[in-house]
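Here's a quick briefing to keep beside you while you turn the model around. Have a look at the sequence and the fold, then read on.

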Amino acid sequence: MSELLDLAVSLADRGRGDEQIEAFLSHDRTTEIKAYQGEVETLSSAEPRGAGVRIIEEGRAGFAYTTDLSPSGLDEVVALARQNTASATPDDAVGIGPAWTKTPADVDGLVDETHGTVTPETKADLAVTLETTTRKLDPRVRTVEEAGYADSDTTIAIATSTGIAGSYRRTDAWCYVLAIATDGEDTEIGFDFDLATGFSGLDADSVASRAAERAVSMLGATKIESGRLPVVLDPYTSAQFLGVLGRAITGDAIQKGRSLFAGRLGERVADEAVTLIDDGRVPGAPGSSPWDAEGTPSRRTSVIADGVLTSFLYDLKSARREGRASTGNASRAGYRSAPGPAPTNLAFASTGSTRSDILKQAGRALLVHDFHGVHSGANPVTGDFSVGVSGRLIENGVPTQAVKEVTIAAPMLEILAGIKAVADDRRWLPFGGSLGGATTLIAEMTVAGR
């Protein structure tokens, strides 16, 4: 870890005149394994590392990156960033973060110290066992389309000419399976996954069981009558809905007019049961870190409190445009990209209900397992939300007939106003940021079936 930080500091010390320099370095060790028909289909490992450098002078920001961390490679990346700075458009909001008044506190649960002792053979065994177990759980599970395991051991370092200097390490592991069940001419799929800080935290048996059960339970799925129904999102689809919200709550989206929340700060935008939190310090969550991609200490931000829109999520540039402080929400796609605002760990606060409570409260409702076309049917700018879904009909608190080829629709502000309960069964999903989905009851939506 010290080597990476030393390199970052050496880059940050190369400024000329009034230049500000930021160096962001990362070193990953990754494994990916896929299993098929009881055997390892593919196994790959990689160890990428590199440096991204931003140079800012008179509001002009230039960025460049390299995988060559030799002295000559670092000289070249600084020269290229400086060259790009000269061609950039000035922006008074652009700048490097101030030095830390104290080193940001560590975040619990970032590293599983036993993870590094797990052999490739043991990891491969998990992927193969996941695939074979899923197929054996029910004779109607005809095959497994994909079963896999992946992990990463990542060290990140940042240093700036303003005095920021730090590094941290995190480990992550995950597994997943996609089961295919058949009954006559009927074919359905079931997906599930697990993630943890390290290999030892994964529960492959539960993943296999949930995926097989999901696929089998969907056999015989049909359309239902169109109408207005309560809708229950399971943790997976709840997280996908949060992903759409996450694109609309950054300061950058607001400033560019690309959000349904523009001009609504301080207004009631949801039911009073709704509290939406972004917290970059949740122990064990995929988006947690002691500081963000610009070195701003991570923090907890209440975006919606008791139904009222209370804050957006800012990186340094979007915050400065409004005379605010960064909320610690700068994000990068690794050393190859410059920072921009994004959620860290975004989730609705639980209302204290269990999943069973919510199913009972819902009455006759539609339980949604999967969205189809969410990228085209959900618009964070206009607030339109109309997506295809599959799931189960709930009768008297019990999931009954399987449902597919239906669409649910409502304006997103209407959905937020209709959220009546959020369960305590949160699961973190690492896509579009880290999103904490939980079983969520929406009072009513339009359901278009037959």
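Are Phe241 and Phe385 buried or exposed? Phe241 is buried, and so is Phe385, where buried means under 20% relative accessible area, exposed means over 50%, and partly exposed is in between (1.4 Å probe, protein chains only). A word on the ground rules: this is a predicted model, so local features need pLDDT of at least 70 and side-chain atom pairs count only at pLDDT 80 or more, while totals for chains, interfaces and linings use all residues. Residues are numbered from 1 along each chain as its sequence is written, and side-chain values use heavy atoms, with hydrogens and water left out.

**The whole chain**
- The protein chain has 10 helices and 21 strands, which are DSSP runs numbered from the N terminus (helices are H or I with at least four residues, strands are E with at least two).
- Its radius of gyration is 24 Å, close to the 22 Å that the globule rule gives for 450 residues, so the chain is as compact as a globular protein of that length. The radius is taken over C-alpha atoms, and the rule is 2.2 Å times the number of residues to the power 0.38.
- The C-alpha atoms fill a box of roughly 70 × 55 × 35 Å along the principal axes.
- Buried residues make up 54% of the 450 residues.

**Aromatic pairs**
- There are eight aromatic pairs in the structure; rings of Phe, Tyr and Trp (its six-membered ring) pair if their centres lie within 6.5 Å, and planes under 30 degrees apart count as stacked, over 60 as edge-to-face and the rest as tilted.
- Trp100 and Trp291 make a tilted pair, 6.2 Å centre to centre with 35° between the planes.
- Trp100 sits in the loop between α2 (71-87) and α3 (120-136) and Trp291 in the loop between β9 and β10, so this pair ties together parts that are 191 residues apart in sequence.
- Both Trp100 and Trp291 are buried, and together with Tyr168 they form one aromatic cluster.
- Phe241 and Phe385 have ring centres 5.5 Å apart and planes at 85°, so they count as edge-to-face.
- That pair also links distant parts of the chain, with Phe241 in helix α5 and Phe385 in the loop between α9 (374-377) and β16 (386-395), 144 residues apart.

- Strand β6 (residues 165-183) has 14 of its 19 residues buried, so it is largely enclosed by the rest of the structure.
- On one side, 17 bridges join β6 to β5 (residues 141-160) in an antiparallel arrangement; two strands pair if DSSP finds at least two bridges between them.
- Thr154 stands opposite Arg170 in β6.
- The β5-β6 hairpin has four residues between the strands, and Gly163 in the turn has a positive phi of about 115°.
- β6 also pairs with β7 (residues 186-196), antiparallel over 11 bridges, and Thr182 has Thr187 as its bridge partner in β7.
- Two residues separate the strands of the β6-β7 hairpin, where Gly184 takes a positive phi near 65°.

**The six-strand sheet**
- An open sheet with mixed pairing runs in the order β11-β10-β9-β14-β20-β19.
- Its edge strands are β11 (308-309) and β19 (427-429), each pairing on one side only.
- Two bridges join β10 (residues 300-305) to β11 in the antiparallel sense, and Ala305 stands opposite Val308 in β11.
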